[in-house]
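This report examines a protein model at the level of secondary structure, sheet pairing, charged contacts and backbone geometry. The sequence and coordinates are shown first.

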Amino acid sequence: MNVQQTPEAATISGFRLSPSQWDLWRRQSRNRTFLSRARVTVDGGLDANWLAECLADVVDRNDILRAAFQQLPGMEAPLQVIQDDTRPAVETYDWRACAPAERQTKLRQLWTEEPVFELHEAPLLFASLARSGEREQVLQLVAPSIVADSESLALILREIAVRANGAKAGPRAEVQFLHLSEWCHEVREDQDNAARRSFWRDQIHPRLVLPFARSAAAGPSGEAHIEGPVFDRSTVLAAWALVLARYGATCEVTIHCRLPGRMFDELADAVGPMATSVPVGISWSADETLFALTERIDRSLAEASENLPYFDGRSASAEPVQIGFDYQEAPECPAASTASFRNLEMRGEIEPCDLLLRCVATGGRLRLDIVYDTNRHDGMIIGLIADSLKATLENANATAPLQQVPVIGSRERDLLLADWSHTVRAPIEDTSIHALFARIARERPNKMAVKSPERQFTFAELDCPQQSACPTLADCRRSAGNPGRGPFEAERRSDRGRTGRAEDGRRLRPA
């Protein structure tokens, strides 16, 4: 996060951060800025100079796109200072000569790369126009999430599509994001009450204990993909909760859901960082139906949106988010007369978490990506979860009890019923443990057999005569500060049958 502090003698005139911007600002690291992205494929040529002029007009009509973040020494958070005469940069690429595989690699790298934004300089909007065919281009927009969410970037792409097909620019938006920001502050100051804030405390359930999760430092992300017909947001969220809760053996879970934050009709076409990630508590009983659960989730999401101005975000000392959910509906591109816009993709980053289900509905299809921390979760298990999620969505009956909802995918079912239950085994040999150990020592003499904090022993070392092996083990025990009898030392005694005598003469009987 590159923010330049203004000298103490200077003054700043600007707007304070909205509550959601402040929460995002606290959670961003000093070396990394959360980003929003959107891209679209264009059939028909777009001129880079025309695109730059179109984006300059969009920036001029939306104050937040001309905001720079500046702060004086000692200020906890910066102010948003609106600047004039700003023009976004447009990078152009021509990959027509590349082989198809190389071209796809370049487009994928362009989609995932993270441009560096100087947050004290506007405009904070970056555009790329890559020619991928004779009449095909890919137009991509990237902005810091503190400036615009992915829905805002999709709206800008839609306006470009409309103008590329002959329409004129729209008027300046009557409701700007900065107006919404100030309204949120006024609501919190004038109508603050305990009931509103207790709503968010009631959403927190204990973290899921997932048997496949590892305790480790955060690492790189991995993804598992699913694609199918469109399901509504509440149905997908219910299926996500049911599949994960099965592994945690519980009927309640807290999922951090991404809310669009456009609380009024006047904000439907507004540009700004309105999306917010908030905790939503979900609980159910085994005998209720999927329909009842999705209806309750609908009510919970509506109440969360209503109480959004009172959400204080998570404290800096809070545990990282465990489970996340992001559902976005990409707006339809307008009918084309000159240039056709298709395959609109969106991605917004506002809350990192261990397990995130990211959903984008577009063109009658639903793409689901399970994004996970590779240090904490195994890719094979995530693949099984993806299969279970797909099976739950495709086979669930809205009127059947939840205990009958199929939450096991085909691959996991095969593992349980076939691979892990395969009972055909070689017969057990009728021989002693000593003979079996000696055979293994001959077959794998250099394989590790026993490991201690100080050293390890191979099968060959343990199979050596006792008079040489036991001193070695005893030495390791004494070096560890335990002079007593070790697990590998035993006093050799003659076999006295089923009974024997202790040193004090008492008879010993087998247990």
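This is a predicted model: local features need pLDDT of at least 70, side-chain atom pairs count only at pLDDT 80 or more; totals for chains, interfaces and linings use all residues.

Residues are numbered from 1 along each chain as its sequence is written, and side-chain values use heavy atoms, with hydrogens and water left out.

## The open sheet

Six strands make up an open sheet of mixed pairing, in the order 7-13-12-10-8-9. Strands here are DSSP runs of E with at least two residues, and helices are runs of H or I with at least four residues, both numbered from the N terminus. Two strands are taken as paired if DSSP finds at least two bridges between them. The edges are held by strand 7 (221-229) and strand 9 (276-283); each has a single partner strand, so one side of each is left without a neighbour in the sheet. From one strand to the next, the twist averages 25°; the axes are lines fitted to C-alpha atoms, and angles run from 0 to 180 degrees between N-to-C directions.

Strand 10 (residues 321-329) pairs with strand 8 (residues 252-259) in the parallel sense over two bridges. The bridge partner of H256 in strand 10 is G324, and that of C257 is F325. Strand 10 also pairs with strand 12 (residues 353-362), again in the parallel sense, over eight bridges. Within strand 12, V360 stands opposite Q328. Eight of the nine residues of strand 10 are buried, so this strand is largely enclosed by the rest of the structure. Buried means under 20% relative accessible area, exposed over 50%, and partly exposed in between, computed with a 1.4 Å probe on protein chains only.

## Helix 8

Helix 8 (residues 290-306) has 17 residues, which at 1.5 Å a residue should span 24 Å; the end C-alpha atoms are 24 Å apart, in agreement with that value. The expected span is 1.5 Å times one less than the number of residues. The buried residues of helix 8 are L290, L293, T294, I297, S300, L301 and A304. Seen down the helix axis, they fall within an arc of 115°, so they line one face of helix 8. The arc is that of the directions from the helix axis to the C-beta atoms. An α-helix has 3.6 residues a turn, so residues three or four places apart point the same way.

## Salt bridges

The structure holds 26 salt bridges, each defined as a side-chain nitrogen of Lys or Arg within 4 Å of a carboxyl oxygen of Asp or Glu.

| Pair | N to O distance | Separation in sequence |
|---|---|---|
| R39 and E345 | 3.0 Å | 306 residues |
| R66 and D84 | 3.3 Å | 18 residues |
| R258 and E151 | 2.7 Å | 107 residues |

R39 is buried at 14% relative accessible area, whereas E345 is partly exposed at 31%.

R66 lies in the loop between helix 2 (48-61) and strand 2 (67-70), and D84 in the loop between strand 3 (79-82) and strand 4 (89-94). R66 is buried at 8% relative accessible area, while D84 is exposed at 59%.

R258 belongs to strand 8 and E151 to helix 4. R258 is buried at 7% relative accessibility, and E151 is buried at 15%.

Apart from these tabulated pairs, D57, R61, E159 and R163 are linked in a network of salt bridges.

## Local contacts and backbone geometry

N165 is found in the loop between helix 4 (150-164) and helix 5 (177-190), and is buried at 16% relative accessible area. A polar atom of the N165 side chain lies 3.0 Å from the backbone oxygen of A339.

Most residues other than glycine have a negative phi, and most peptide bonds are trans. A122 and P123 are joined by a cis peptide bond, with omega about 0°; P123 is placed in the loop between helix 3 (100-112) and strand 5 (126-131).

A249, which is not a glycine, has a positive phi of about 50°. A249 lies in the loop between helix 7 (233-248) and strand 8 and is exposed, at 73% relative accessible area. N343 likewise has a positive phi, near 55°. N343 lies in strand 11 and is partly exposed at 46% relative accessibility.

Terms used
A polar contact is a pair of N or O atoms within 3.5 Å; within protein, one must be able to donate a hydrogen and the other to accept it, and residues adjacent in sequence count only if both atoms are side-chain atoms.
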